[in-house]
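Please look at the sequence and the predicted model together, and follow the text with the coordinates open beside you. The paragraphs below go from strand pairing to helix packing and then to the confidence of the prediction.

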Amino acid sequence: MSEHVPALPDSPAVPEAGGRAPLTQPQPAWAQVPPEPDRVRDWGRYVSAMLRRKWLILLAVGMGTSAGVVGSRFIDLDYMAEASIWIESAAARDASGGPIGSVQLLENYAWVELLRTYTVLDYAVEELKLYLSVASRDDDGLFESFALTGGPLATGDYVLEVDPSGSRVRLRSAEGILVDNGVPGDTLGSRLGFVWAPPPTGLRAGQQVGFSVTMPRDAARDLMNRLDTRMDLSGNFLRMELHGKNPELITETVNAVVDRHVELAAELKKEKLIQKADILETQLRAAELALRAADDALERFRVNTITLPSERTGPVAGGLEQTRDPVFDRFFQLRIDRDALGRERTEIERVLEAAGDSGLSTDALDVLATVQSSSELTRTLQELTDLQAELRAYQLKYTDEHQLVIQAMANVRELEVNTIPALLRDLVVELRSREEVLDRRLAGASEELREIPPRMINEARLRREQTVAENLYTMLQSRYEEARLEDASYVPDLRVLDRAVVPRRPLSNQRPRLIMMGFAAGLGLGLVGAVLLDRLDRRVRYPDQITTELGLNLLGIVPRLKGGGNGGAGADSAAVVEALRGVRLNLVHAYGTAGPLVLTVTSPGPGDGKSFVSANLALAFAEAGHRTVLIDGDARRGSLHRVLNQARKPGLTDLLSGSVSQDEATQESGFPSLYFVGCGTRTPDAPELMGSAAMTQLMTSLRSHYSVIIVDSPPLGAGVDAFALGTVTGNMVMVLRLGATDRELAEAKLDILDRLPIRILGAILNDVREGTAYRHYRYYSYYLPGYEHEDEGGKKERALIGGTKS
């Protein structure tokens, strides 16, 4: 044992403290792996995960495509029928400058709401029998005589059965209950709310005809949901679309809805114009009566005061000449205005007091001059008149529960209860203010005009009332004539621009799309599943898991060996040998120059290939000229003696227990410069022996005889043996197996090692397949086949120790 021990190459000094070797430890430029950006690394992970689970992805794609093919068989072709309506806008009529015309019935946006009312939709449902659904389109001709009686309707599914002889027909419910029967041609279903006499010529012996009946209102509601209406930005075009499986039926439905919509709009507008003319006629008669009363009152006053003859014949009396004085005229006018304001204010207050919460009556306001002089109040009263006419038109057409009626009543009530009373109250305040001003002005002029005869004031008041009544009558007569002209020359607001035609081609064929969606969904689920399984995978898969998550230097990788058996050779073996040479170089560099290289080789769990790596790494050191000893420290299940074809005992446990000497326990391996110490006799106190003083003395002794001492320990998860051996050697190398090593187990064991005086030099990744994320570590394969042949001197390249790596 006194042979010369060759020194290791110069390397950085060994750190004194235990723990993992720093990741920033300098390495040769050829051994450095260029860092990858996070995005590139993530994409590399995704691609690797997809390739690793390609069968899962193919299975998901196959299932998704199959589901799309099956689902496409249940998709009916979708047809679309469309029509367009032209809306005559009020702005266009006003700009035309033509004769007097009627105003538009509704705002543009309200035409869509009118189209969706049940008055329109119920008509289409009843006209086309949309409440009836026939199971087979071939039987549609049997239901031409089907109609509702108007009584209670028994909705549900029914089946018409023709007996084998063809002489009897039976109508049954979906539960099989007989509800009616008769001979072919008889009327059926009268007790169910409908009548139906299927033609005998269309029935066959043994035939069954299925159909279902729903409430017309439910069918109208379904039609409302299916009908797509939209209006362009200008508000002049209303377009509607209807989708369905039956192109003829949807075309008839759209045309029925369009026709009824236009017809209903014309009816409502005609009724509104008639109601408006009737209201104006009533107001005109009231104004005429008021004008006659004012004329009669003025006439009687003149007769009583002998004013009328003086105006018609002869000059004015001398005592009345003063009425032509400007001061008198001003006072006279002020007094008349003051009395008129007082009367009209009193009348407005009376109307407000009589209104209460039920709304006010506007008939008494039409004859008040102050009301007519208020542009805002006059405009509001006109709006009230129009809304009342519109409400009466709606009430003639709909019930009080209809949305249009409710909206119109709300609008009328808003004006009668809130808007107009508020305007009248503001007017009362204004009249009081004007009265106060007139009172002050009259008080100033009263001293000068105390002798003015009261009859002059009364006459002026009566003339003023006559003028107001005459103006009101003239205004109402003009508006009444305009209303009659509107009624006589009204133009419909709606016209059918484009009627629906039967579509010949479906709107779109969704079957190929559904198949592609199934394919895409399957592919997406497969890819997501592959990536998700990769994220949940606890095994070592990628380089950054070793360097970042575990915090270990990656000393090198060992490729997967396809061939098995000891001494196997070939291109795969040559790649493994070359990889171990690289590991040897990185390990020497990581260890440093402090004496012989002493380390423990272990792994987190069994099956990671630590024994294979230990044996071949020791052989790599021996081939480099280093005197190397390989110690099997796995006293429980050590098997290196079988790999090297050596004896298990005497071995390490026998040596530590003092049964044998160091020379007796050390065996020659059959390879130059490589010596072997077996695990020895299996004993229960092996863990204590591994951490004993005898083990420390053995390491001290071996350091003086060997330049490389490699101890193959049990897995870290097998017990305390590996920790004890690592403490004795002071250095440890972790063997991880790609796709097998549990990262969480490795992290837990590394946490324990961090608390012990053990320096972890790095990790060796074992069993790496081609095409994985470790492409930077591979060797060019076309340089390796030369290992299969002898060189010129006849020396054959060596093979591996142990063909398997488990």
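Ile85 has Val496 in strand E12 as its bridge partner. This pair belongs to the predicted model's pairing of strand E2, residues 79-87, with E12, in which the two strands run antiparallel and are joined by four bridges. Both strands are part of an open sheet of four strands, ordered E10-E11-E2-E12, whose pairing is antiparallel. Strand E10 (228-231) and strand E12 (494-498) each have a single partner strand and stand at the edges, so one side of each is left without a neighbour in the sheet. From one strand to the next, the twist averages 25°. Helix H6, which spans residues 216-226, lies across E10 and strand E11 (237-244), and its direction makes an angle of about 110° with E11.

A further open sheet is built from five strands in the order E3-E9-E5-E6-E7, and here too the pairing is antiparallel. The edges are taken by strand E3 (132-134) and strand E7 (178-182), each of which has a single partner strand, so that one side of each is left without a neighbour in the sheet. Neighbouring strands of this sheet are turned against each other by 20° on average, if direction is ignored. Within the sheet, strand E5 (residues 156-162) pairs with strand E6 (residues 169-173) in the antiparallel sense over five bridges, and Tyr158 has Ser173 in E6 as its bridge partner.

How do the helices H22 and H23 cross, and at roughly what angle? The axes of helix H22 (residues 693-703) and helix H23 (residues 721-729) come within 9 Å and cross at roughly 45°, and the two helices are therefore oblique to each other. Their crossing is right-handed. On the H22 side the contact is made by Met695, Thr696, Met699 and Arg703, which meet Leu725, Val728 and Thr729 in H23. The residues of this contact divide into four nonpolar, two polar and one charged.

The protein chain averages a pLDDT of 78, with 81% of the residues scoring at least 70. Over residues 94-98, however, the pLDDT is below 50, and this stretch has zero contacts in the model beyond near neighbours in sequence. Residues 786-794 also stay under 50 in pLDDT, although the model has eight contacts for them beyond four places in sequence. Where pLDDT is low, the predicted coordinates should not be read in detail.

Conventions:
Residues are numbered from 1 along each chain as its sequence is written. This is a predicted model: local features need pLDDT of at least 70, side-chain atom pairs count only at pLDDT 80 or more; totals for chains, interfaces and linings use all residues. Side-chain values use heavy atoms; hydrogens and water are left out. Axes are lines fitted to C-alpha atoms, for helices over the stretch in contact, and angles run from 0 to 180 degrees between N-to-C directions. Angles under 35 degrees count as roughly parallel, over 145 as roughly antiparallel, 65 to 115 as roughly perpendicular and the rest as oblique. A crossing is left-handed if the near helix is turned anticlockwise from the far one by less than a right angle, and right-handed if clockwise. Contact means heavy atoms within 4.5 Å. Ala, Val, Leu, Ile, Met, Phe, Trp, Tyr, Cys and Pro count as nonpolar, Asp, Glu, Lys and Arg as charged, and the others, Gly among them, as polar. pLDDT is the predictor's confidence in each residue, from 0 to 100. Two strands pair if DSSP finds at least two bridges between them.
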